[in-house]
Amino acid sequence: MKVRFSNINHHFGSTRVLDRIDLDVKEGEFVCILGPSGCGKSTLLNIVGGFVKPSEGEVRIDDEPVTGPDPRRIFVFQERGVFPWLDVEQNISFGLFKLPEGEQRRRIDHYVQMVGLKGFEHAYPRELSGGMKQRLEVARALAVNPDVLYLDEPFGALDSITRLQMRRELLRIWEAERKTILFVTHDIEESVQLADRVVVMSQRPARIQKIVPIDIPHPRDLSDPRYIALRDSIFGEIGLAHQV
Amino acid sequence: MKSVERYLLPVLTAMVLIALWHLAVIATGTNIFPSPAAVAKGIFHLAEKSLLWSYIGDSIMRVVFGYGAAVILGIPLGILLGWYPALGRLVNPVIQMLRPISPLAWMPLAVIWFGVSNVAPIFLIFLASLFPLLVAAMDGVRNVPPMFLQAGRNFGLSVPQLMRRVVFPAILPRLLVGLRIAFGIAWLVLVAAEMIAVDSGLGYLIIDSRNAGKRYDLVVGGMLLIGIIGLAFDTMFRRAERLARAE
Ligand SMILES: Nc1ncnc2c1ncn2[C@@H]1O[C@H](COP(=O)(O)OP(=O)(O)OP(=O)(O)O)[C@@H](O)[C@H]1O
Ligand SMILES: [Mg+2]
């Protein structure tokens, strides 16, 4: 699944949000979109997800224009996207209604296991922690076997320890299933830990300011000088001295 | 301990109140307000003649029809108005204007339209429960978190599937509260409607007992029955709410 943004412009009323976005994402690539708050990251993700039509330009996926949401490409919200009236199993099987019973069962079991929710199959979201709900939402997305995942600050609401664990889990899943991933964040460290490439956006109206390839193999050592150099170059790019 | 608190305490309170009532009747020497024993006797007497059961049956039947019609019409209509905001904006002023009019204000019109028949109170109950249900469904749909809808569409649901699998469960808790509130109002309106528009039912029992022979034992008995049956329904609704939340 190759994703191509061509010349995307977007405005809400008189607010210009996106300014000529051109970007190619390769099949199986993990791309982080990094930018200041309010610059238009979510808007960009909503456009590629098919929920918002861009004012100008188009997104093509494997040469097919995006005209609306599609089960081959699943959007993951912060953990608030899980359905509170369904238990863990029912949430995971939400998108499986076209599959035969046996296959549904197999996928439920597989993804309950994969995201570590064994023993909680019949728990409702309000009985789960924030991190568990987030994993549940990822499982619900993966269960329909999409080619692409869109994640909009998926770990933003989690505490820092859970967030680190979730990143590790996501990388493990990505390495196992090789989905194409577009991951929006405003956390520089997060982007350097996860991505093959970091797309740095400017202030609104957002342009692509720079694309930084992260050529460090996983698992990444956070004290590796190469990691630190890349991280600091992005800090510099955004105009922040790496000091508090 | 818990079940003792839940069941024994209310029973105890009721017993104390009945005792106080009894004492008050004796102490004041009133010959209008009946004692608890007189009320019980009057009610048992009515129950024996099976008149009581047919009154209760008539009252419940009217509520079932009026309230049932409001549920069948109001909830789908409310969902529709919430789903299509333009339609909602069009109709909302009318709803908001009609809503504050007490259903009882419709009584003269209801009697002219439907005469002294079952239809008049059923119509009033229908009106009384329609607006709370309509508004609960409409507001419910409007307040479904957008990401639930987005997720539903993302997984390829058609609009009817989205309604059934996302919108309806999302608004259900609110809807149940609306159903309970609407029922409470319907029950209030029933009694008033039965005092004017028909010649059976619990409301009629009260007004008839006074008019035909100043039977205040039956007036108070009717009031108590209305309270007890209303409470029983309310408890049922609360159970349903709790079940829906706990599922
Ligand atoms: N539906 C909308 N209608 C009008 N303006 C909108 C809408 N959605 C977003 N905006 C505006 O577009 C701009 C970009 O919003 P967006 O949500 O894409 O930012 P973001 O980069 O995701 O920010 P954050 O990091 O805080 O989530 C903001 O100024 C916002 O106010
Ligand atoms: Mg955002």
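Good morning. I begin with A:Pro219, which sits in the loop between S10 and helix H7 (225-238) of chain A; helices (H or I, at least four residues) and strands (E, at least two) are DSSP runs, numbered from the N terminus. The peptide bond from A:His218 to A:Pro219 is cis, with omega near -5 degrees.

Before I continue, a word on the source. This is a predicted model, in which local features need pLDDT of at least 70 and side-chain atom pairs count only at pLDDT 80 or more, while totals for chains, interfaces and linings use all residues. Residues are numbered from 1 along each chain as its sequence is written, chains are lettered from A and ligands numbered from 1 in the order in which they are written, and side-chain values use heavy atoms, with hydrogens and water left out.

Let me stay with the backbone of chain A. A cis peptide bond also joins A:Arg204 to A:Pro205, with omega near -10 degrees. A:Pro205 belongs to the loop between strand S9 (197-201) and strand S10 (208-213) of chain A. In strand S1 (residues 3-12) of chain A we find A:Asn7, which is not a glycine and yet has a positive phi of about 50 degrees. Why mention these? Most residues other than glycine have a negative phi, and most peptide bonds are trans.

I turn to ligand 1. Which residues are closest to ligand 1? They are A:Ser37, A:Gly38, A:Ser42, A:Thr43 and A:Arg204, out of 13 residues that surround the ligand; a residue counts as near if one of its heavy atoms lies within 4 Å. By class, the shell around ligand 1 holds four nonpolar, six polar and three charged residues. Here Ala, Val, Leu, Ile, Met, Phe, Trp, Tyr, Cys and Pro count as nonpolar, Asp, Glu, Lys and Arg as charged, and the others, Gly among them, as polar. Helix H1 (residues 41-48) of chain A gives the most to this shell, with three residues.

Some individual distances follow. An N or O atom in the side chain of A:Ser42 is 2.7 Å from an oxygen atom of ligand 1. A polar backbone atom of A:Gly40 is 2.9 Å from an oxygen atom of the ligand, and for a backbone N or O atom of A:Cys39 the distance to a ligand oxygen is 3.2 Å. On its own, ligand 1 has 630 Å² of accessible area, of which the protein covers 59%; such areas come from the Shrake-Rupley method with a 1.4 Å probe, and for residues only the protein chains shown count as cover.

Now to chain B. It contains 10 helices and zero strands, and its C-alpha atoms fill a box of roughly 75 × 55 × 30 Å, taken along the principal axes.

How many residues does each chain bring to the contact? Chain B brings 18 and chain A 24, where contact means heavy atoms within 4.5 Å. About 1900 Å² is buried between the two chains, and carbon and sulfur atoms give 64% of that area; buried area is the accessible area (1.4 Å probe) that two parts lose on being put together, summed over both. In chain B, the residues that lose the most area to chain A are B:Asn154, B:Phe155 and B:Arg165, together 38% of what that side buries.

How values were computed
Polar contact = N/O pair within 3.5 Å; in protein donor to acceptor, adjacent residues only side chain to side chain.
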